[in-house]
Structures are given as C-alpha cells and as structure tokens.
Amino acid sequence: MAVCASILQITDMHILSGPDNTFLGINTEHYFHAVLEHAFANNHHFDLILVTGDLAQDPCQASYQRILSSLESYNTQCICLPGNHDDDILMQQILNTSLVNCRKQIFLENWQLICLNSKLAGSEGGYLSNQELLFLEDCLSSKPDHDALIAVHHHCVETNGFMDTMIIENSQELWAVINKHPQVKAITTGHIHQVMDISEASVRVLGAPSTCFQFKPESKIFALDATAPGYRLIRLYADGRLESDIIRLPEQLNELHIDTPGY
C-alpha cells in the first residue's frame, strides 16, 4: 500500500547563540546540519519535517533565525514544537513562515498530526495544561475518521532512567483522553535523547535520538552516551499502519565531555 506521508523527525538540537559555540564539548550546530544533510541525501522525499522541541539551548533571535534559514533551505513543510529549553513566544514570532512554523494540527491525507505544548515555565519537566488537553480532545472528537499521530516534546511513559524526573507530570490525563479515541495510533516525543519504541495498550510510543549528544539508557544519574546523533523516519499508511526507523550518522561523538553542570 502506498505511503500517505513520509515524516522526518528531528529533535533536541540545542542550538547555541553563536554557530561556533559548544555545549557538553560539541558543536551542536554542526551536527544539526549533518543530520539534515544525511537525511536528505539518503531519502529523496519527505512530506514533513517534524521538530519535537529543544531547538535552542540559548533561545535568542539569532539562534532561531539560523534554525529557520537551515530548515527553509530544504523546501519542505516543517512543524516545530517547543521544548523546555525553548522560548515558545520567540519561536512563534520567528518560526512563522508558510514553510516553517509552529502549527498545532496538520492533515496528511487520512491522518492528522496533533502537536502539543508540554513546556512548563520554570521547569525542566513537562505538563499539559487544560487548554492543551481540550485541544487534543477537540481534534480527536471532530475527526474520528482520521488516524492520529500525536507529537509532544516531553515523554509520557517512563524510560527507567534519570530523565523520568522530567516526564510529563500529568501523563495520566493525557492517557485518559487518548484511551477514549482508538484512532490514535502513536505518540512521538523528543526530550529523552535516546530511542524509545514501546506499546502502551494499542498506542505505539516513540522517542527519537537527539541531533547532538545522547543520554545513556537506563542510567539513574546524568550520563552521556557516545552513540552517534540521529533521526527518526515515520511512514504513515492509508490503512492506519505506521512504520518507523532510526537512522544515525556514521560516526560517534568521541569528543564528548561534561563541561556544563547538570542538564
């Protein structure tokens, strides 16, 4: 069966105020560009680029302008979600073109993509406001005949690692909405800087690697992993199926070191 939509998911770029600045010992902007170049060199077409938060580590006009320029150069529709490190107001002001923007709902043939804002002011963790939960309910109730993919920055199921201190605080409220709507096929997230692919009831829950540094899986303390940066490919089908793969750059980040306390 033909693919309804091919999605490139990238996440957690942590772009700094200057293009040559480094974070945790690496130039995050270099790997942001490398991941995009690798994805488009190996896949001839994407219907959508989905950026699931933490676009910037230093959220300022300069960082978002450079992100915008890079994304627009690929001439592909792009949706951006805020993460805990982002300035969502600044994002909406700058990432606001016909090609690259912060839209919260998009239709891809018989699928709908619903984007939620899990940013909680003053916190590294996530929370879904009543407004976000009502938005999700409305999107699902109004289009019961559309299969649904939900995108959100923070994770909503545990990873068994230190990032679970920064999970969506009211995940149970998210699942209460989802469980009423069997057309929800998957949730995809950023934030955890590692791969997740599990099933919660009949819903597939996906996490994607960062375009820069990765966190060590199942570590109870802050720890980095030398695994290469990567991205997630998502293919949506007319019969409600979803297929997904993780692709990584052909290099490890051997130069990683902790030069910043905490995360």
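A nonpolar core is taken here as a set of buried Ala, Val, Leu, Ile, Met, Phe, Trp, Tyr and Cys residues that are joined through side-chain atoms within 4.5 Å.

**View 1. The largest nonpolar core of the predicted model**. This core has 65 residues, among which Leu8, Ile10 and Leu71 touch the most other members. Helix α1, spanning residues 28-42, supplies the largest share of this core, with seven residues.

**View 2. The surroundings of Ile10.** Leaving aside residues up to four places away in sequence, Ile10 touches Phe32, Val35, Leu36, Ile49, Leu50, Val51 and Thr52, and also Leu71, Thr211 and Tyr231. Leu71 is, like Ile10, one of the residues that touch the most other members of the largest core.

**View 3. A second, separate nonpolar core.** Ala5, Leu48, Leu81 and Trp111 are among the 19 residues of this core.

**View 4. The largest pocket and its lining.** The pocket holds about 210 Å³ of space, and of the 16 residues that line it, Cys80, Pro82, Gln92, Cys102 and Lys104 lie nearest its centre. Two or more lining residues come from each of the elements β3 (78-81), α3 (88-94) and β6 (111-116), and α3 gives the most, with three residues. By residue class, the lining divides into eight nonpolar, four polar and four charged residues.

**View 5. Confidence along the predicted chain**. The protein averages a pLDDT of 93, and 95% of the residues score at least 70. Over residues 257-263, however, pLDDT stays under 50, and for this stretch the model has 23 contacts beyond four places in sequence.

Notes:
Residues numbered from 1 in each chain as written. Predicted model: local features only at pLDDT ≥ 70, side-chain atom pairs only at ≥ 80, totals over all residues. Heavy atoms only, no water. 1 Å grid on protein atoms, 1.4 Å probe; cavity = no way out; pocket = protein on both sides within 12 Å on 5 of 7 lines; lining within 4 Å. Points joined across faces, edges and corners; volume = space filled by probe spheres on them. Helix = DSSP H or I, 4+ residues; strand = E, 2+ residues; numbered from the N terminus. Nonpolar A, V, L, I, M, F, W, Y, C, P; charged D, E, K, R; others polar. pLDDT = per-residue confidence, 0-100. Contact = heavy atoms within 4.5 Å. Buried < 20%, exposed > 50% of the residue type's maximum accessible area, 1.4 Å probe, protein only.
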